Structures are given as C-alpha cells and as structure tokens.
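Here are a few notes for your first look at this model. Keep the structure open as you read.

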Amino acid sequence: MAEIVVFVGPTLPADEVARRLDAEVLPPVAQGDVLRALAARPRLLAIIDGGYERVPAVWHKEILYALERGVAVAGAASMGALRAAELAPFGMVGVGEVYRRVRDGQLTDDDEVAVAHLGAEDGHRPVSEAMVNIRATVAAAVADGVLGPQAGDRMLTAAKRLHYPHRRWPALLPLAPPGFATWLSDGRRDVKAADARALLDLIASGGVHPPAAPPRVERTEHLQLARPASALDPAVEADLLDGVHLDGDYPDLAQAATLRLVAVGTGPRPTGGARAEWVDRLREHVPADALADLDADALGELAADQAALVHTCAAVEDRLPAAIIDTLRLWGQLPGRLARARDVAACCERLGGTPEPAALGLTDADVWSWCAGRAGLPPNSPADVVADALGVPDPDRLRRAALRHLLYEKEGRQ
C-alpha cells in the first residue's frame, strides 16, 4: 500500500484522484477500514466519502487511533468533512466549505452530504444530488437573477423534504421558472467535488501533517477486537497458512492463537512501566528477526497481548489466520515460513498456477496418501478425515494446498 491512502466515491471518480495524487485509492470508508489500512503503515489517510445506512460508518475511535500512531488524517466534502469537524480538536485536518459549515454549526444534518450511488462496478457513480450542492446551486441562480429569492426558498424546502436518494433535479424543476433548466446545465454547483479537489491539492503540496500532540486512545475491548489483522498479501498469507496445515501444526497453532484473541478482549493489559517490561521480555525470548517488522507501538501492543494471555478458548475461528501469524511471530517461525510461502506463491505463478496431479506424475490417490502421511494417518484414510486432522476447512482446499506445495517441492527447488 502507498504512503497515502484516499477513501473516495462517489464525490470524485477514482481515476481523477489517481491523476492528481500518488496514492492508494480505496472505496468509500466504512467501519474498520481505517484500522485495516493502518496495517500497511501509511503516513497519511484522506477521507472523502464513507459508507453509512447499509454498512456501519467509520468509527471515530479508529481515526483517533491513527492519529495517536502519528498518521496524518484529513477529510473533506462528505463523510470526511463530518468526521473532520468532529475530530478537529484531536488533530484531524478538515478542508473546504462543507467542513467549515459543519464545524461552525451552519450545517447540522448528516443528510446534507448524503447521496445515493451505484456500486463499485459502476465507479460509485452518484444518482442523486447532495443537499449542499442544491443549496449552492440555488444560491448561484438567485445571484444570477435566474431564480427569485422566494422561488429559491421553495425549491430548497421541497428538496429538504425529500429523502436523500430522491433528491434529483428533475423532481425540482417544476418549481423553477422557465430558463432555469437551461441555466442549470452550466450553472450547477458541485461544492463537494470542489472541496475534495482542494483536499487533494493540499496533500500534494505537503500541507497535511500529523498532530503535534497526538491524542491518547484507551485500549478498550472493542478497539482490541477491531485492531488490524495481518498486513501480508492475501495470496502469500494463504500459502503460509497452507504450509502450517500441511506441516500438521495448525491445531496447536489455532489453540494458541485462540487464547491470544480471548486475552486481547478479556485479559488485563499492562501499561506504562509494566508494559515496557513485557516488551523487554519479548525481546529476550523471541528472535530479533521475528520482531523486526514491528514499530514501537505495534511491539508494545504485542507485548501487552502476551501479558494478557489466558488459557481459555472462544469462538474466534474467523479471526484465527491473523492470530496464527502473530503466534508464529512469537514462536520465531514467521520469517522462515513466510519465505517459504512466498517461494510457493512465486513458483506457482511462474509455472501457471495450481497444477493437476497428472502434471506432477501423480494421481489423486497419491496426493491424498501424501496428505494422510502429514497427518499421521493411514494412506487410504478418507479425504474429509485427513482434512479434519490437519485443521483444513474442506478437502478441496487441502487438495489445492497439497498440489501447490508438491509443485514447489518438485520444481521450485531446482
């Protein structure tokens, strides 16, 4: 991920952002997206658009967490303007007219910036008009003498009464005098887009900085449970975990990782000097190369997690992959396993993907016999029994994993 991350759509199209700024352009931000972005260690996050209604909105606390970690966070135009107005006292940077009007109390309703839009496959294209844009357009029309003040007020009242997905100019044109529709083709104002471009220009000029005095965020249970997962490439992560399955280590790792996840949510966590002592203990017992990719904050979090470890299990299966990776880190196995996983991924990509058994001179029975041996089972054991023994969710995934690793053993080392 790039040093700069921009969450955008539908205020501006992603390709316009990419032309204006060297950045990773992501869809509208939703709850948890800031925390996930932090896993790649960006230096700046820019929030323009965000999800709501159908998905939980971006959490104030995850933005504060980013600011605490020394990441600059700026917002404008839409969800970014709302969050910037709320979090400006803590160091989030706001840009543009919408931000200023929300900050100053001139705009108090979230629906002022809300629009309906299409999905990602259609570039999040808007299909309704934001109330702030309607206000700016009506004001311009009154100033140009196209609308009278009373006609403008009637149009604004009618627009405000509409639910935001239904705010479209065709629904308002019957309230306007002749000539307004013609004027609108060139006279329409897009305050949100102008604010978004102003934010991108400010970032490009180096005008957005992290707060001089970052806020301190309490490590509540909800924050601990929402912390970033692994920052590994998904394909590499999958091959790494497949290697864990095939080595027969998954059950033990899953149990240890489960205990860590429960500890994060329920166990007491050291702070201050006690936390520093736990960091020292980690450094004494964990190989340095297994901790080399962690910054001071992440290392402290890992140490606090370890201090809170309890011997309890919980239903956290969907979060086990990231926890297993952290547990491998603590066991000092991550560098070696990660190197092998990357080699497997590179080998399969170079040789055309996951092979069929015949390409390796094998049959399906040979593949399952090999898997059974990894699990310490008889060669003719049923596929589902072998998969269960190795902790793999289903036999098809185990077969794919085995073929990828067998290809690497045959071809990748030559």
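Which residues of helix 7 are buried?

1. This is a predicted model. In helix 7, the buried residues are Ala151, Gly152, Met155, Leu156 and Ala159. They sit on the same side of helix 7, because they cover an arc of only 135° around the axis.

2. Now turn to the other side of helix 7. Here Pro149, Gln150 and Arg161 are exposed.

3. What do the buried residues of helix 7 pack against? They have three partners to find in the view: helix 6 (131-143), helix 8 (169-172) and helix 9 (180-187).

4. Check the length of helix 7 too. It has 13 residues, 149-161, and at 1.5 Å a residue it should span 18 Å. Its end C-alpha atoms are 19 Å apart, which agrees.

5. Helix 17 covers residues 320-330. Nine of its 11 residues are buried, so helix 17 is largely enclosed by the rest of the structure. The buried residues are Leu320, Ala322, Ala323, Ile324, Ile325, Thr327, Leu328, Arg329 and Leu330. Note that Arg329 is on this list of buried residues.

6. Look just past the end of helix 17. There Gly332 takes a positive phi of about 80°.

7. Last, the second largest pocket. It holds about 490 Å³ of space. It is lined by 22 residues, and the closest to its centre are Gly51, Tyr52, Arg54, Val115 and His117. By class, the lining has 12 nonpolar, six polar and four charged residues.

Methods:
Residues are numbered from 1 along each chain as its sequence is written. This is a predicted model: local features need pLDDT of at least 70, side-chain atom pairs count only at pLDDT 80 or more; totals for chains, interfaces and linings use all residues. Side-chain values use heavy atoms; hydrogens and water are left out. Helices (H or I, at least four residues) and strands (E, at least two) are DSSP runs, numbered from the N terminus. The expected span of a helix is 1.5 Å times one less than its number of residues. Buried means under 20% relative accessible area, exposed over 50%, partly exposed in between (1.4 Å probe, protein chains only). The arc is that of the directions from the helix axis to the C-beta atoms. Contact means heavy atoms within 4.5 Å. On a 1 Å grid over the protein atoms alone, a cavity is a set of points where a 1.4 Å probe fits but cannot get out, and a pocket is an open set with protein on both sides within 12 Å along at least five of seven lines; lining residues have an atom within 4 Å of a point. Grid points are joined across faces, edges and corners, and a volume is the space filled by probe spheres set on the points. Ala, Val, Leu, Ile, Met, Phe, Trp, Tyr, Cys and Pro count as nonpolar, Asp, Glu, Lys and Arg as charged, and the others, Gly among them, as polar.
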